[in-house]
Amino acid sequence: MSTWVLQLMADGGSAEAETKHHECRNCGENLSPDVDECPTCGGEMAVYTF
Ligand SMILES: [Zn+2]
């Protein structure tokens, strides 16, 4: 049996390591991923994935 299935699984796992940027949709403040809203202005958090 070949190892291509394991290699595909490894590739899928690496997708979780993609960079995410969290910032306030209102004021553009950089936010921690574990907050629900901007501590500065209370605005909604926007998440950008690269
Ligand atoms: Zn804000």
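Modeller: Let's start with a term: a residue is buried if 20 or more other C-beta atoms lie within 10 Å of its own, exposed if 12 or fewer, and partly exposed in between, with C-beta atoms placed from the backbone.

Colleague: Thanks! How much of the chain counts as buried?

Modeller: Of its 50 residues, 6% count as buried. Keep in mind that this is a predicted model, where local features need pLDDT of at least 70, side-chain atom pairs count only at pLDDT 80 or more, and totals for chains, interfaces and linings use all residues. Residues are numbered from 1 along each chain as its sequence is written.

Colleague: What is the mean pLDDT of the chain?

Modeller: The mean is 83, and 68% of the residues reach 70 or more. That score is the predictor's confidence in each residue, from 0 to 100.

Colleague: And which elements have the lowest and the highest mean pLDDT?

Modeller: Helix H1, residues 4–14, has the lowest mean at 58, while E1 has the highest at 95.

Colleague: Let me back up. What helices and strands does the chain have?

Modeller: There is one helix, plus two strands. Along the sequence they follow the pattern α-β-β. Helices (H or I, at least four residues) and strands (E, at least two) are DSSP runs, numbered from the N terminus.

Colleague: How many bridges join E1 to E2?

Modeller: Five bridges join E1 (residues 20–24) to E2, and the two strands run antiparallel. Strands pair if DSSP finds at least two bridges between them. As an example, glutamate 23 has alanine 46 of E2 as its bridge partner.

Colleague: How many residues of E2 are buried?

Modeller: Zero of the five: strand E2, residues 45–49, is hardly covered.

Colleague: New topic: where is proline 33?

Modeller: Proline 33 sits in the loop between E1 and E2. Proline 33 is exposed because 9 other C-beta atoms lie within 10 Å.

Colleague: Which residues is proline 33 in contact with, leaving aside neighbours within four places in sequence?

Modeller: Those are Lys20 and His22. Two residues are in contact if their C-beta atoms, placed from the backbone, lie within 7 Å. Proline 33 and valine 47 are 14 residues apart in sequence, and their C-alpha atoms are 8.6 Å apart in space.

Colleague: And valine 35, why does that one count as exposed?

Modeller: Because valine 35 has 11 C-beta neighbours inside 10 Å. Valine 35 also has its place in the loop between E1 and E2. From C-alpha to C-alpha, valine 35 is 9.5 Å from histidine 22, which is 13 residues away in sequence.

Colleague: Last one: where does phenylalanine 50 lie?

Modeller: Phenylalanine 50 is in the segment after E2. With 6 C-beta neighbours inside 10 Å, phenylalanine 50 counts as exposed.

Colleague: What does phenylalanine 50 contact beyond its neighbours within four places in sequence?

Modeller: Phenylalanine 50 is in contact with Glu18, Thr19 and His21. Histidine 21 is 29 residues from phenylalanine 50 in sequence, yet 7.9 Å away in space, C-alpha to C-alpha.

Colleague: What share of the chain's contacts between residues at least 6 apart in sequence join residues at least 24 apart?

Modeller: That share is 20%.
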